[in-house]
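Please brief a reader who is new to this structure. Cover the overall build, the core and the contacts, in plain terms.

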Amino acid sequence: MILGALLAVTFAAALLVFAAPDEYAPKLAFGLSLLPIAGSLYLWSAFEAGGNALTGGEIAFSTAVPWLEVAGYQLQWYVGLDGISLPLVILTSFLTSLAIVSAWTPIDDRKSQFYGLMLLMEANLLGVFTALDFFLWFVFWEAVLVPMYFLIGIWGGPRRRYAAIKFFVYTNIASLVMFIGFMMLVIGLPVNSFGLPEISQSLAAGELGSFFWLPADTLALVAFAAMFIGFAVKVPVVPVHTWLPDAHVEAPTPVSVMLAGVLLKMGTYALLRYNYTMLPTQAEYFAVPIAIIAVVSVIYGAMLALAQEDLKRIVAYSSVSSMGYVLLGLVAFTEFGLGGATFQMVAHGLISGLMFMAVGVIYNATHTRLVGDMSGLADRMPIAVWILVAGAFAYMGLPLMAGFAGEFFIFVGSFGSTVLPYAPVFTAVAMFGIVIVAGYLLRAMQGTLFGPFNLETDYDLDRAPLHDVAPLVALLAAIIVLGVVPSLFFDMIRDATVPLVELLGGGAP
Amino acid sequence: MSLVLQGTTTDWVFSVRALLPVVLLALTGLAVFGINSLRPDGRDNKLLALTSIAGTLSALAVTVWYLFAGTGQPTHGGAISLFSGAIVVDGLGLFFTAIFTSVATLVIAASYDYFETDANPASFYSLLLLSTTAMGLMAVSNSLVTVFVSLEMTSLPSYALVAYLKDNRGSVEAGLKYFLIGAVSSAVLAFGISLVYAATGSLLLPDIAAQIGSIGDLNGVLGIGIVMIAGGVAFKTASVPFHFWAPEAYEGAPAPVSAFLSSASKAAGFAVGFRVFATAFQPAIDIGIDWGLLFGILAVVTMVLGNFAAATQTEVKRMLAYSSIGHAGYALIGLAAVTAGASATNATVMGAAMAHLFVYGFMNTGAFLFIAMVERWGVGRTFEDYAGLAERAPMASLAMAVFMFSLAGLPLFGGFFSKYFLFLGAINAGFWWLAAVGAVTSTLSLFYYSRVVKALWLEEATTDLDAIGDAPTGLYAAVIVAGVVTVLLLPGFGPVIETAEAAAAALFA
């Protein structure tokens, strides 16, 4: 019941803030957003389960209540947590609070609606990471899009309508493709519920039948491909990434933080939960093409970032690159590959959140994001600038920061993969991406932060207010803690991912 | 008096009790007449509206009570047959009566404000109530004679309602067009009935079914009769090929009347179609009169035409009119997926179509009532004119966004489940192509529905919105109630679909 209560409280908070007058909304939203944090911290402290929720492991805080029954299928309100979903729940609640604080400066219009939508999005995100019934999950999955659409479309930059609609159309079509693929799979199975554990275990037991004229083998491949396409748009990977830079550039800072920090993880989380848990054999079949997509995303995303002049676009494209690493970890299908990919989801959520916020603080002061418009900001805004530098180093994989741990695990895992042919080659090429990351981040920082002071726009630079800097400090602290003690999350992640590796008979670490 | 009616007694008290919802509606219509004739000069708008709402609400309450108590359903002795079998009270009839009375309640509440300045609102309320009464009769008609008579009783007040704004050219023109096409289709229907009578020698639906096996070489006559009756159904449900009155009538009519016609009147057409074809003409499939295929083709053409035409409209009301045609196409799947002898899948898919009409009754009525509110404000009719309304009327615009997303089938509101179960039922019955066309057109529909949301929420006002200060109580309440019900129909879809499927199953038993 505790998960139901967590969701109910978050939904209620969203409604309350939506109805509150504008002048109280920001502080009220922040205060109420502490409740989900407290809830997720309690979940963490009380979490004891081991194993993967879908493959028959223990499911923590599980609740299953019948919802409705139709055409022989039982739909349920079915929620629960395992070592994969708990870190993401913690990430979501933590990042939403900080994003709300970071909105205090830039958002000065229709405030109660803005903060209400942020909390509504948080509630749906928590639903995505806790739901264990396909329909419940799908409702939350789609419900995340609607607040996002409004958040970009109402409070975004000059081309906000175009960006909002592009985001909405891309992700909705992707959802439809995924939905059809999954439905074909379920209709081919002898199950009478949409519970993800039941479906997963039925597939593992080899019970897949045929769907009309499609025999079981082909059906599994078609379903894998459809779901992969659907989720890949959300991640996003090259070549379906084009909605992301538009959405990021037009979105206001706090919305970018949520988009990069949590929404992109929905895609990789779903890939892990569906494709890589339910259809491991098909994952092996498609390993090479998907590894190519992953590596191309890493390199091409980084090169695109290298070519940008807008700080926000640089961070946006670098997300494409980082999510490529996560995909590589998934393809490798080893203990450290899957575990590292999950860890990297959290790490990248924190780091990209930090980068977007830091860029936002600079933009609030300078009203420009173009590299050529400014230089030498370090003298005027020391704290914000040094945190941005620290974030950039975390992005580049500086040891003792969360990004290093995530990428290191992924490379260890993918190097020794037995599932992926030519694994060392793919790994080596992907590692080269780090060099490009260092290249574009150092170039951008050198141009804007250091050297003689110059600013093309006519604004007086003040020190950033405390409520702009505090979230940055909190994020940096979290990044360092996770970098020094990755086992905080990695132990439970490993508990939940090792059973998956065993689906394909083990393999190198 | 027992709580549940049972048995086949034929005294008039029993008949009145079995038909209580219809009787209550008729009495209310007469009461409105009475009030008006006692005080011919008084403008008793409030009294008339309250009387009418009391009547529809009590009819709704009785209907819901009968449905849950089991009146006329297999658990309590099965369908109640009255007047030598010409009328039959069962789950299907009660389910549809619940739709008619809900829609009528919302429309009357809205009309209180819409016709505030009208000189003689009594005629409006009584026409609406009498039309609803006749719809209740359509839903329980078990003989082709009662079908024809009740259908005419529904249509005649509707013609007057469409042309109700006597000084408005558009309204009068729409009424005339509706009347002419209605007259032609009545003639077609009457001729079809006479051909069926010629072939089978009976007008009672079960007797027709019993005779079909032994009609010998008259099956050509029967076939033509069935096609003509299908034409009558197509007119009432605004499906291809008798759809072309709908855009004109819905656009020209006062918006509350459009809401009533496109929700309740359409559902009434389906009530007749479902009962007549399932009860009387099912054996005709066995002798080669495959009306399932006919409805399949009509469903595909209706879905495609309605959705594509809606996508090209520039006026919101006309867009909704075409979308209403598209939704008739979805509901037609309930007839198209019927195959001989497969009573389980037949009941599932027809039940899903009924549930879709139920949800549609709320979301579509709400959307047209929002338009009624906009008409009352005097804002224009095109998408551009709707720009920025959310700033002045956030709650109503939120409800409109709910209606649009629900009509599009986003999985956040009731419209998702009803469409989904319809398609799933079609796939289970082997009609994957119907489901495929439905899914594709449904995705397309998101494009034009989201244009309304975009105009309301994302765009800045182009017109002077000062008139939008006053909140018309009745209209506002109707829109908000419809919105809340549309939202609640997602978690609460269970009882609706279960009742609908039980009602449909009784028809095929």
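**Briefing**

In chain B, 62% of the 509 residues count as buried, meaning that 20 or more other C-beta atoms, placed from the backbone, lie within 10 Å of the residue's own. This is a predicted model, in which local features need pLDDT of at least 70 and side-chain atom pairs count only at pLDDT 80 or more, while totals for chains, interfaces and linings use all residues. Residues are numbered from 1 along each chain as its sequence is written, and chains are lettered from A and ligands numbered from 1 in the order in which they are written.

**Overall build of chain B**

- Chain B holds 21 helices and two strands, which are DSSP runs (helices H or I, at least four residues; strands E, at least two) numbered from the N terminus.
- Chain B is as compact as a globular protein of its length, because its radius of gyration of 22 Å is close to the 23 Å that the globule rule gives for 509 residues; the radius is taken over C-alpha atoms, and the rule is 2.2 Å times the number of residues to the power 0.38.
- The C-alpha trace of chain B spans about 70 × 55 × 40 Å along its principal axes.
- Of the contacts in chain B between residues at least 6 apart in sequence, 81% join residues at least 24 apart; a contact requires C-beta atoms, placed from the backbone, within 7 Å.

**Nonpolar core**

- In the largest nonpolar core, which has 417 residues, Ile333(B) and Leu369(B) touch the most other members; such a core is a set of buried Ala, Val, Leu, Ile, Met, Phe, Trp, Tyr and Cys residues joined through C-beta atoms within 7 Å.
- Helix α15 (residues 343-377) of chain B gives the most to this core, 21 residues.

**Contact between chains B and A**

- Chain B brings 20 residues to the contact and chain A brings 21 residues.
- On the side of chain B that touches chain A, α19(B) supplies the largest share, seven residues.
- That side of chain B divides into 13 nonpolar, six polar and one charged; Ala, Val, Leu, Ile, Met, Phe, Trp, Tyr, Cys and Pro count as nonpolar, Asp, Glu, Lys and Arg as charged, and the others, Gly among them, as polar.

Key: A residue is buried if 20 or more other C-beta atoms lie within 10 Å of its own, exposed if 12 or fewer, and partly exposed in between; C-beta atoms are placed from the backbone. Two residues are in contact if their C-beta atoms, placed from the backbone, lie within 7 Å.
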